[in-house]
Amino acid sequence: MIILSNLVKIIIFFCPIAFIISPSVVNIFVSVLAIFSAIFIFVEKKYFLFKKKSSYFIILFCFSGFVFHFHYNFESAIKSLLYLRFFLLYLLIVYILKIENKEIKFFLNFITCIVLIISFDLLYQYSFSENIIGLISQKENRMSSFFGKELIAGSYIVIFSLFVFYNLIKLNNKFTFIFFNFLSLLLITAIFVTFERMAIIKFIFIVTYLFIFFNLIKLQSFKRLKILINIIFIIIAILFIMINLMNRPAYIERLNNSISNPIKHDNIYFNLLIAGVDIFLSKPYIGVGKKNYYNYCLNHSDYNLDILTKTVERKQKETAKQKGIDFTNNHLLTVSSTNTLDDFTQIDGLYVLTSLLSKHVCSTHPHNVIISLLVETGIIGFILFLGFLFFDFKKIIFKKDNFIEFNFLTLYLLIMLFPAQISGNILQSFYGSIFWFCLSLMIFINKKNIN
């Protein structure tokens, strides 16, 4: 079992790289780790792990989805059971593997190196329009580094920066404060060139949280010199960003769009949220089933059409042209020879292709982690998920020697589950993998209390 344990540690060690390579590699890693977890439990007879109160809740969370949906969507029901792989991953990292302090410290250093490499690579790509291995930026105002077509480099840095900052603060030497400022400046600049708006907001929140609650070196009182240094670094960061804005029209355009087109009635994300809430209200208790949101959304007819009208008006002209349909001055789509009136929905005198309307408000998920949970699992599933979090964190809350670790765990949950953010879905494979992997590491660090 020692050889198997070391093999599992190596796979876990390379998980941060798997998140960069592709979702398929991530799925393979998580599935393999879940299988190894089940093997460890069976061989070492650690069945008591299933008798924990938190285990009851997450197991019920998965099986309730199977029971509620197998009679009309067997595929969704099976996916509910497959979600148990994340629970097995969680048990493996938090309770089963015996990871020494020196190993976790080495792992934190490894994550730090990865985050720094991606950050410098983003700045290189920003300067030369391709990264160090020749990957070209997908958009002039959206750098992606090693992630290629996936514009998630900023979000990756935000999530794993928590481990980087934790590693830095635990060093606790006289240079910690200076390193923190340089690191914050580097990472916020790298995140900015990705122009992931939510990632920028999250990172600013992280740095502010750490500055206020930790003051970087074991919660010492604020000193004027430290405050002055922070102000200087903030000014430098703002000046750098503004100078680069003036030289990059594409960034100015995206910034203007962010300011002039916030989340409102004619914003696509707002309409995705409206559709998500509407679908949740149609099945509030049991939800529509895991990974079944898109299919259910396409067949759902109770949209708030008045709110969606402006989004359709804004986007349909180009799509109509591609479909060979004339867009006339009175904002009526003329029925072409390839379409009949039955293919259209009338909204306040505007005829819109029904298929076109569905595509504007339906996505793989509502782009909000809380609404996604409610839509796919219902109120019952949502309560079971919260029950898991509560019972597993209850002992951590009252530990006396993990104040720093507990605050990092709290910060992690805030940025991953913040209700107002436009975000991924922890019920989906990739976002769910990164959520459970990092959550497991955070709880392990809280229980281990690395020194």
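**Close-ups of a predicted model**

Of the contacts in the protein with a separation of 6 or more, 72% join residues 24 or more positions apart, a contact being heavy atoms within 4.5 Å. This is a predicted model, in which local features need pLDDT of at least 70 and side-chain atom pairs count only at pLDDT 80 or more, while totals for chains, interfaces and linings use all residues. Residues are numbered from 1 along each chain as its sequence is written, and side-chain values use heavy atoms, with hydrogens and water left out.

**Figure 1. The whole protein, before zooming in.** The protein has 19 helices and two strands; these are DSSP runs numbered from the N terminus, with helices being H or I of at least four residues and strands E of at least two. Of its 451 residues, 51% are buried. Here buried means under 20% relative accessible area, exposed means over 50%, and partly exposed is in between (1.4 Å probe, protein chains only). The accessible surface is about 21700 Å², with 67% of that belonging to carbon and sulfur atoms; the areas come from the Shrake-Rupley method with a 1.4 Å probe, and for residues only the protein chains shown count as cover.

Figure 2. Side chains of opposite charge can pair when their charged atoms come close. There are four salt bridges in the structure, each a side-chain nitrogen of Lys or Arg within 4 Å of a carboxyl oxygen of Asp or Glu. In this one, the closest N and O atoms of lysine 9 and glutamate 103 are 3.2 Å apart. It ties together distant parts of the chain: lysine 9 sits in helix α1 (residues 2–13) and glutamate 103 in helix α7 (residues 101–128), 94 residues apart. Lysine 9 counts as buried because its relative accessibility is 18%, whereas glutamate 103, at 29%, is partly exposed.

**Figure 3. Glutamate 44 meets lysine 46.** This salt bridge has an N to O distance of 3.0 Å. Is lysine 46 buried or exposed? With a relative accessible area of 14%, lysine 46 is buried.

Figure 4. Glutamate 75 and lysine 79 both belong to helix α5 (residues 74–82) and lie four residues apart, about one turn of the helix. Their side chains meet at 3.3 Å, N to O. Glutamate 75 is exposed, with 53% relative accessible area, and lysine 79 is partly exposed, with 25%.

**Figure 5. Phenylalanine 160 in the largest nonpolar core.** That core has 119 residues, and those with the most contacts inside it are Phe160, Tyr412, Trp436 and Phe437. A nonpolar core is a set of buried Ala, Val, Leu, Ile, Met, Phe, Trp, Tyr and Cys residues joined through side-chain atoms within 4.5 Å. Skipping neighbours within four places in sequence, phenylalanine 160 touches Pro16, Phe19, Ile111, Val115, Ile434, Phe437 and Cys438.

**Figure 6. Serine 433 and its surroundings.** Serine 433 is part of helix α19 (residues 429–448). It counts as buried because its relative accessibility is 1%. Which residues are in contact with serine 433, leaving aside its neighbours within four places in sequence? They are Phe19, Val26, Asn27, Val30, Phe86 and Gln428.

Figure 7. Valine 277 belongs to helix α13 (residues 268–282) and is partly exposed, at 36% relative accessibility.
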